[in-house]
Amino acid sequence: MDDIKQLIGKELQDFEDKFADSVKSHVPLLDRIMHYIVKRKGKQIRPMFVLLSARLFSTEIGESTYRAAALVELLHTATLVHDDVVDDANQRRGLFSINALWKNKIAVLVGDYLLSKGLLLSLNNNDFRSLKILSEAVKEMSEGELLQIEKTRKLNIKEDIYFEIIRRKTASLLASACAAGAWSSSNDDHATEQMRLFGEKVGIAFQIKDDLFDYGSAKIGKPTGIDIREKKMTLPLIYTLEHATPDTRRRIINIVKNHNTEKDRVEEVIQLVKASGGIDYTKQKMLQYRDEALAILHKLPQSDIRDGLESLVRFTTDRTF
């Protein structure tokens with residue numbers, strides 16, 4: 001990550017300054033919350049994908065690219081704030097969530113504010129294509145979340161439905177980040193669509209990696225089994241259920257439905273998943289999507305920027321946090 005940030009270090013710093021300016025308001029309470037949000041920024045993977053995708057097609061980054069990166073980050077942050085309210089989560093990235101510090105009503109309004117700032121940022125600058133690309137992502141994310149809720153109730157998600165959920169819920173935003181970045185510097189439909197598809201495949205691999213964390217595939221300093229406790233049907237569990245004997249399948253479903261808060265029972269499911277080959281299968285799928293993304297990237301001429309994007313892709317599947 002340090003090498004990647006060195007490659008676009010100035011652009012990242014310029015983006016951070018512009019993003020901080022883009023969320024300013026005339027309400028002191030809102031400004032305090034925006035300051036808190038800016039200061040607790042995460043790895044900034046999505047803005048990095050925007051900036052690198054833009055640089056693939058131009059040696060210089062213009063204001064439209066910075067606005068696209070800000071729009072992605074505004075929409076992403078808005079969804080996280082709203083997600084924490086829905087999930088009643090008190091922490092985000094090891095820090096207190098907005099709803100934990102300022103309660104749910106304010107958190108919902110903050111999410112709405114971030115969304116509106118993103119819309120106005122694009123509309124006021126006639127960035128209609130970027131806005132269309134990102135609006136499609138917001139729609140997909142909402143549909144993916146609701147599809148997951150609907151299917152989780154019956155615990156009958158098949159592999160194809162799982163991939164449809166994560167394509168919409170997670171991959172759509174990363175796909176839009178890459179597409180918006182490409183469009184902002186190229187104004188080329190083919191390049192934009194290729195980068196959208198590239199980002200979608202990276203996003204799917206990214207989510208699969210997150211699913212693997214829940215089974216202790218890396219030492220990340222947080223408890224395992226959270227997805228099981230929340231009755232989330234991820235790929236390791238889906239594979240295990242599809243290949244288990246009827247008795248084992250019934251036992252796993254019973255634990256996930258009725259005993260998901262019991263540590264020993266959750267650990268039993270984790271061990272059954274590992275024994276079934278669910279972890280190995282899931283890793284293979286993750287690497288498949290990563291390699292498909294890299295195949296798209298390698299159609300472009302070799303450059304430091306392309307190498308930087310490849311490193312960022314590999315970081316999403318090699319990361320330990």
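**Close-up 1. Salt bridge Lys10–Asp14 in helix H2****.** Asp14 is partly exposed, its relative accessible area being 21% (buried means under 20%, exposed over 50%, partly exposed in between; 1.4 Å probe, protein chains only). Lys10, at 61% relative accessibility, is exposed. The two side chains form a salt bridge with closest N and O atoms 2.8 Å apart (a side-chain nitrogen of Lys or Arg within 4 Å of a carboxyl oxygen of Asp or Glu). Lys10 and Asp14 lie 4 residues apart in helix H2 (residues 9-22), and are therefore separated by about one helical turn (helices are DSSP runs of H or I, at least four residues, numbered from the N terminus). The model is predicted: local features need pLDDT of at least 70, side-chain atom pairs count only at pLDDT 80 or more, and totals for chains, interfaces and linings use all residues. Residues are numbered from 1 along each chain as its sequence is written, and side-chain values use heavy atoms, with hydrogens and water left out.

**Close-up 2. Salt bridge Glu140–Arg168****.** The side chains of Glu140 and Arg168 meet at 3.2 Å, N to O. This pair links distant parts of the chain, with Glu140 in helix H7 and Arg168 in helix H8 (residues 159-186), 28 residues apart. Both residues are buried. Glu140 and Arg168 also belong to a network of salt bridges, with Glu136, Lys139 and Glu143 among the other members.

**Close-up 3. Salt bridge Glu262–Arg265****.** The closest N and O atoms of this pair are 3.9 Å apart. Glu262 is partly exposed at 34% relative accessible area, and Arg265 is partly exposed at 26%.

Conventions
Helices (H or I, at least four residues) and strands (E, at least two) are DSSP runs, numbered from the N terminus.
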